[in-house]
Structure formats: structure tokens, C-alpha cells
2 protein chains.
Amino acid sequence: MKKQPIYDACISKCATNDYIDQIKEHLPSDQLLLELANFFKVFGEHTRIRILSALYQRELCVCDLVEILGMNQSAISHQLRVLRTSKIVRYRKEGKNVYYTLDDEHVYKLLDDGLEHIKENKQ
Amino acid sequence: MKKQPIYDACISKCATNDYIDQIKEHLPSDQLLLELANFFKVFGEHTRIRILSALYQRELCVCDLVEILGMNQSAISHQLRVLRTSKIVRYRKEGKNVYYTLDDEHVYKLLDDGLEHIKENKQ
DNA sequence: TGAACATATGAATATGTGTTCATGTATATA
DNA sequence: TATATACATGAACACATATTCATATGTTCA
């Protein structure tokens, strides 16, 4: 009968090499990596990416997005809130309407790069 | 007493404009946007982004990652599986060890762009 | 060939989160 | 000033998913 291996730490030679410490040192702070994860997480949801794809084309108000996505107004407002909080979209008020746009060039670039990666992996 | 407004469709002038249909037409397919969301979702998790940050520096085996992240081996293997399935990392086997690397330049670029965006928004 | 090691994986659990429903707030207009 | 419209939001619920535990698979080596 096999004994249970214990994984407190890897004891192979690869893990005892010096480069482990160097990698740890050069790693961005956990705080920064958490922010980065939270940033990407916002793009990682179907409804939000649909909203962003629409806003990629032009500024739109909430009722436009309701019409374009064919979804509940509340659902869209909730997701817009997430996008606002993450500073991925901007908004401006005009009368009863609120108009949204993508925040900056980084957002366009990320969407471009993501799509490019997807398309390349299809082949 | 107020009546309940009904949001079957926006009836303001903005939603009845022609550009709504044009935007719908130019939107990538829902299938593609779902794939894009799933792609970004993989980056949107703390443990996975930590793994990717480590692999950004060099090829590493699983036990290296266990050591670097200070986490359960099982947790890391589960996340590596997600990264593999999404074709964000590659792997090669060498004896008992399995070595992982980032899949391609897109992955490096996305991590760069994400970090750049975060840092800019800090100021 | 058996023991130790490196990694993977299924099940269970806990936690996170997207949508809906109900309702609140602000603006325009009759 | 009352009503309709545009949008936001809190609560509840359903569903997704990250981690842990236990264990399986595959490799090396004595």
C-alpha cells in the first residue's frame, strides 16, 4: 500500500534552485496582481464584453444598449456600474439620458489584442 | 401614485435612430464574443494571474509554482488545467516534471497592456 | 518490483456573481 | 405640479467556480 506523499514543499532539485528566489523577488506585488486580475475579470463576462463591443463602435446611452443587446435594463445598468467602477467606461449625463464611452485607448487595444488572439487560435 | 414604467423597449428618440441597426450589424457574433469573454475570464483570477506573472519570467515546473506561490499543489494544478484548456500556456513533460510556459506573444502583450493600464489609472 | 516523487483529477464545499424583481431618484414636459 | 421617462440600486435567487481533500496516474530509482 502506498504512503501519502506530503506536499509541504517540493523537494526536487528544480525547486531548490536559486532562480526560485529571484522569481519571487521580481514578481509584482500581490496587491498589484489582484488589481490586474480584477481588471481582466471585468472583460471576462459575456454581457459586459457585448456592451464593450457596442461601445467600441460609438458612444451610446443606456436605452441604446438595452435595444442593441435585447436585455433587461436593470441587468445592463448593473453591468455598467461594474464597468464604471473599474474605470473601463466613462459616462456623461444629458437630460434624462446617460451616455457611455470606452474610457481610453488601452481598452480599445485590449479588445483588439484579445480578438486577434482568439482568431489566431482558431486556425 | 406612480405607474410602473415598462421597459420592453426604449421609446426615446435615441433608440429609434438608424445607428442602432448599424451597430447590431457590425457587432462580432455572439459566439465570438463569448469566446473572447471566456479568454479574458482566465486572466481575471488572482491565482491564475500570479501563475502567469511567474511564467512571464521563465519556464517553470509545477513544483516551482507551488514553491513560488506558496499554495496547495492541487489548487495550482487545477488552475494550470484552466490555463492549458484556454491555450494560454504550453507545457512539456520531462521525466516526472511538467514544465509550463506562456503560450505566445499575445499573452505577454496582454499582461503588459493590463499592467500599463492599471499603473496609469493610479495617478 | 516496490517505494517515493511529480502531477492530475473527481467530489464536496464555500464563496462569488449575474440576473431578475421591486423600487428609488432625477429629469422633462404637459 | 403631476406624470412619464431614463437610469440606478438593494435584495433574493440561481448558478458558476476556486480551494481542499482524497486519491489516481505516471515516472524514476534502488
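Guide: Contact here means heavy atoms within 4.5 Å. The model is a predicted one.

Visitor: Among contacts in chain A between residues at least 6 apart in sequence, what share joins residues at least 24 apart?

Guide: For chain A that share is 49%.

Visitor: What pattern does chain A follow along the sequence?

Guide: Chain A reads α-α-α-β-α-α-β-β-α, with 6 helices and 3 strands.

Visitor: Take one residue, A:T47. Is it buried or exposed?

Guide: The cut-off for buried is under 20% relative accessible area. A:T47 counts as buried because its relative accessibility is 12%. The residue sits in helix α3 of chain A, residues 46-57.

Visitor: Which residues does A:T47 touch, leaving out those up to four places away in sequence?

Guide: A:T47 touches A:L69, A:M71 and A:Q79. Of these, A:M71 lies 24 residues from A:T47 in sequence, with 9.2 Å from C-alpha to C-alpha.

Visitor: Now the interface. How is its size given?

Guide: Often as the accessible area lost when the parts come together. In this model, chain B and chain A bury about 5700 Å² between them, 68% of it on carbon and sulfur atoms. B:F40, B:H106 and B:H117 supply 11% of the area that chain B buries against chain A, more than any other three residues.

Visitor: How many residues are in contact across the two chains?

Guide: On chain B there are 59, in contact with 58 residues of chain A.

Visitor: What polar and charged pairings does the interface of chain B and chain A hold?

Guide: The rule finds 4 salt bridges across the interface and 8 residue pairs in polar contact, both residues at pLDDT 80 or more. One salt bridge joins the side chains of B:R50 and A:D30, at 3.3 Å from N to O.

Visitor: Which elements of chain B supply the side that touches chain A?

Guide: Those giving at least two residues each are α1 (19-26), α2 (30-43), α3 (46-57), β1 (60-61), α4 (62-69) and α6 (105-122) of chain B. The most comes from α6(B), with 15 residues.

Visitor: What is the make-up of that side of chain B by class?

Guide: The side of chain B that touches chain A has 30 nonpolar, 12 polar and 17 charged residues.

Note on methods:
Residues numbered from 1 in each chain as written. Chains lettered and ligands numbered in written order. Predicted model: local features only at pLDDT ≥ 70, side-chain atom pairs only at ≥ 80, totals over all residues. Heavy atoms only, no water. Buried area = accessible area lost by both parts, 1.4 Å probe. Polar contact = N/O pair within 3.5 Å; in protein donor to acceptor, adjacent residues only side chain to side chain. Helix = DSSP H or I, 4+ residues; strand = E, 2+ residues; numbered from the N terminus. Nonpolar A, V, L, I, M, F, W, Y, C, P; charged D, E, K, R; others polar. Buried < 20%, exposed > 50% of the residue type's maximum accessible area, 1.4 Å probe, protein only.
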